[in-house]
Amino acid sequence: MISADSSLAVVEELFADETSSYPSGTPRKFLGYSRGYNEPAPVEEANLLNLPPEELLIAPNRDAVDQTLEGRVNGTSATLFKSDQLVFIPPRLSTPKKKFRVLQKWEGYVIEVEQDTFFARLVPIVGEGPDQEAEIYLEEIEPDDRILIEPGAVFYWSIGYSDKPAGRERVSLIRFRRLPTWTRRELEIARTKAAKLRDLFDVE
Amino acid sequence: MQPEIQGVSIVLAGQFNPAMFHPAWFAAQGLIRRQEAEAAETKIVHPNAAVFETEWLQMRVLPNQFHAATTQEPYYEVLRDLVVGVFDLLSHTPSRAMGINRNFHYELGSKEEWNSVGDRLAPKQDWENVLDDPGMSSLTIQGKRPDNLDGYIHVKVEPSRRVSGFGIYVQVNDHYQLSSTPETWVNASKVVDVLSEHWAESIQRSLRIAEKIAGLGAIT
């Protein structure tokens, strides 16, 4: 028999952060009066596939609380899956090793495209400052994104520090918005609407 | 106060077909770069689960949960656009609820500050008579949504496992109940509407909450 507490420990073990320097399943320290580390919670060897669902209760009001909570991407919470989802344990996501600290981020709108550059209006998302206009070299844009550059296109420009195991770099990153390509059906609908408007305004 | 680590995720509760969520599908739809799809680390794509990662994206789809996340701040809006793109294409996907979640790990300056956060959030006086050396290991507070949408906001505070010093972890679950009851479904175009209209507000609100909590320990 596995208790609710040890079930929690098993779940923690399965989804533990790879870079955590503390034993998984072990609450690190308590906030408040703290005398140090707690003893590791006992982790029983258990086959989760065979556990009755009711024994995997890991939070008292989990149904209401956790249905849109994320898994252990970079968090610490053990509440992850409903017990009835634990018939299959998907591979866990790895803990990201790269950090990017944004100093300034803008949302940009392409105004005009020239041969080697494009002009854009920049609206700050992170950081202070007024809207600005900028001329940006096409070479700054990833080749895969250049096809997206046209008047009205939206992009995000971040400037900051990237911390990697090899050290800190100052980075400027531009990423164009990608939304779904038009389907044939959507194009047909758009053409039909355009034709109706043309007729309405009697445009040749 | 700047968090040491942060991330954002968008989680949907609904009915999904994991087998179709392959990096190549995202590239074919123009939702990620072709090179990103080719370089993606695909852990599994199967009728029961799809899990893959790119340099900035972590994707996991189960039959009843869609989960897309990034821990790189430059990609927050890119993540939103990706999810909008997916459910613009799959607009008839049965959906029930959505969470815009943010995670923050802050490093506090000292043990006193760190303990002070726990003492402010969960005073120990009432626990001292029944527990020896009580301390806060996890706390969740629920609040009403400040807009006219259904749902709630959950804030969870715990000691951080990712920050090596005296770190706290704050998670904000901005939960949108899309269907009128947990047993019913709506189509995913509602997801697109909520993400398009409420994203910026949600992101800023979560940051304000996290900064407020991280600042509770400040010794004056």
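**Note on a predicted two-chain model: helix H3 of chain B and its surroundings**

1. In this predicted model, the axes of helix H3 (residues 76-89) of chain B and helix H5 (residues 189-214) of chain B come within 9 Å and cross at roughly 165°. Axes here are lines fitted to C-alpha atoms, for helices over the stretch in contact, and angles run from 0 to 180 degrees between N-to-C directions. Helices (H or I, at least four residues) and strands (E, at least two) are DSSP runs, numbered from the N terminus.

2. H3(B) and H5(B) are therefore roughly antiparallel to each other. The scheme calls angles under 35 degrees roughly parallel, over 145 roughly antiparallel, 65 to 115 roughly perpendicular and the rest oblique. The crossing of H3(B) past H5(B) is right-handed; a crossing has that label if the near helix is turned clockwise from the far one by less than a right angle, and is left-handed if anticlockwise.

3. Which residues make the contact? From H3(B) they are Tyr76(B), Arg80(B), Val83(B), Val84(B), Phe87(B) and Asp88(B). From H5(B) they are Val191(B), Val192(B), Leu195(B), Ser196(B), Trp199(B) and Ile203(B). Two residues are in contact if their C-beta atoms, placed from the backbone, lie within 7 Å. By type, the residues of this contact are 9 nonpolar, 1 polar and 2 charged. For that division, Ala, Val, Leu, Ile, Met, Phe, Trp, Tyr, Cys and Pro count as nonpolar, Asp, Glu, Lys and Arg as charged, and the others, Gly among them, as polar. An α-helix has 3.6 residues a turn, so residues three or four places apart point the same way.

4. On conventions: residues are numbered from 1 along each chain as its sequence is written, while chains are lettered from A and ligands numbered from 1 in the order in which they are written. Because the model is predicted, local features need pLDDT of at least 70 and side-chain atom pairs count only at pLDDT 80 or more, whereas totals for chains, interfaces and linings use all residues.

5. H3(B) has 14 residues and reaches 20 Å from its first C-alpha to its last, close to the 20 Å expected at 1.5 Å a residue. The expected span is 1.5 Å times one less than the number of residues.

6. Is H3(B) enclosed or open? Of its 14 residues, 12 are buried, so H3(B) is largely enclosed by the rest of the structure. A residue is buried if 20 or more other C-beta atoms lie within 10 Å of its own, exposed if 12 or fewer, and partly exposed in between. Among the buried residues are Leu79(B), Leu82(B) and Gly85(B). Their cover draws on both chains: it includes strand E2 (99-113), strand E5 (154-164) and strand E6 (167-176) of chain A, and strand E1 (5-14), strand E5 (65-70) and H5 of chain B.

7. Chain B as a whole has 5 helices and 11 strands. Its C-alpha trace spans about 60 × 40 × 30 Å along the principal axes. Of its 220 residues, 50% count as buried. Among contacts in chain B with a separation of 6 or more, 67% are between residues 24 or more positions apart.

8. Chain A contains 4 helices and 6 strands, in the order α-β-α-β-β-β-α-β-β-α along the sequence. Buried residues make up 25% of its 204 residues. Of the contacts in chain A between residues at least 6 apart in sequence, 48% join residues at least 24 apart.

9. Pro159(B) is in strand E9 (residues 151-159) and is buried, with 25 other C-beta atoms within 10 Å. Asp133(B) is in the loop between helix H4 (111-121) and strand E7 (135-136). Asp133(B) is exposed, with 12 other C-beta atoms within 10 Å, and has a positive phi of about 55° although it is not a glycine.

10. Leu216(B) lies in the segment after H5 of chain B and counts as partly exposed, with 16 C-beta neighbours inside 10 Å. Leaving aside neighbours within four places in sequence, Leu216(B) is in contact with Ser116(B), Val117(B), Arg120(B) and Leu121(B). At the other terminus, Met1(B) is found in the segment before E1 of chain B. Not counting residues up to four places away in sequence, Met1(B) touches Tyr106(B), Glu211(B), Ala214(B) and Gly215(B).
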